[in-house]
Amino acid sequence: MIPVDVAILFMGAAIALALVPGPDNIFVLTQSALHGRVAGLTVTLGLASGLIFHTTAVALGVAVIFQTSQVAFAILKYIGAAYLAYLAFKAFTAAKSNLDGDAPAPETAAKQYTRGLIMNIANPKVTIFFLAFLPQFVDPANGPLVLQFYQLGFLMIIATLLVFGSVALAAGWLGDWLKNSPTAQIWLNRLAGVVFIALAVKLVTAER
């Protein structure tokens, strides 16, 4: 088991890292503003769930493959970039449909959750970050390493839920305004599309 003092130190570091503005924060912000607080929280849950994949990758040593194999890294990052490009297309399409004054079609919770989950899993940089960050807080003297990795992963999930959940709630008030402003909906959809394209380009150009 991880000592309490180590867990507290890790939790503080995890929260600080989650607070740093980045792609996931923007993703949660835009989704919450476009579709409401519940949508933002559902996407947050998907993003947090994706951390289980990265924790498992590190715990079982699979992450080493992404760090040493250019092919494996390239395949995963291109899959992630393709998905982001698809999200951009959907965002721009939604913007065009709003020109007639139609409200954007509501998405199911399952679709919102899956969107956050895939976005997180398809980012190899998260796996490599976990590979560099988590081992600093494990010690063979504290028990099985795999168990310690999963404990740290759980703490990271909690930190993500707290920070990104707060972002979703803070951005949610925009939803009430957007419902009464078709023009704002159009431009926010376009902004979301631009963000998705920028994230896709950033992911494609990422180096190991």
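# Chat about a helical model

Biologist: What share of the 208 residues in the protein is buried?

Modeller: Buried residues come to 46% of the 208. Keep in mind that this is a predicted model.

Biologist: How many helices and strands are there?

Modeller: The protein has nine helices and zero strands. From the N terminus the order of elements reads α-α-α-α-α-α-α-α-α.

Biologist: And the contacts: what part comes from residues 24 or more positions apart?

Modeller: Among contacts with a separation of 6 or more, 84% join residues 24 or more positions apart.

Biologist: Let's pick a residue. Where is arginine 115?

Modeller: Arginine 115 sits in helix H6, which spans residues 109-121.

Biologist: Is arginine 115 buried or exposed?

Modeller: Arginine 115 counts as buried, because its relative accessibility is 8% and the cut-off for buried is under 20%.

Biologist: What is arginine 115 in contact with, leaving aside neighbours within four places in sequence?

Modeller: Arginine 115 is in contact with Phe27, Gln31, Tyr83, Leu87 and Glu107.

Biologist: Which residues make the nonpolar surface patch of about 270 Å²?

Modeller: Leu60, Val146 and Tyr150 make that patch.

Biologist: Where does valine 146 lie?

Modeller: Valine 146 is in helix H8, residues 145-179.

Key:
Residues numbered from 1 in each chain as written. Predicted model: local features only at pLDDT ≥ 70, side-chain atom pairs only at ≥ 80, totals over all residues. Heavy atoms only, no water. Helix = DSSP H or I, 4+ residues; strand = E, 2+ residues; numbered from the N terminus. Buried < 20%, exposed > 50% of the residue type's maximum accessible area, 1.4 Å probe, protein only. Contact = heavy atoms within 4.5 Å. Patch = residues over 30% accessible without salt bridge, like charges linked within 9 Å, V, L, I, M, F, W, Y side chains within 5 Å. Areas by Shrake-Rupley, 256 points an atom, 1.4 Å probe, with all protein chains shown as cover. Salt bridge = Lys/Arg side-chain N within 4 Å of Asp/Glu carboxyl O.
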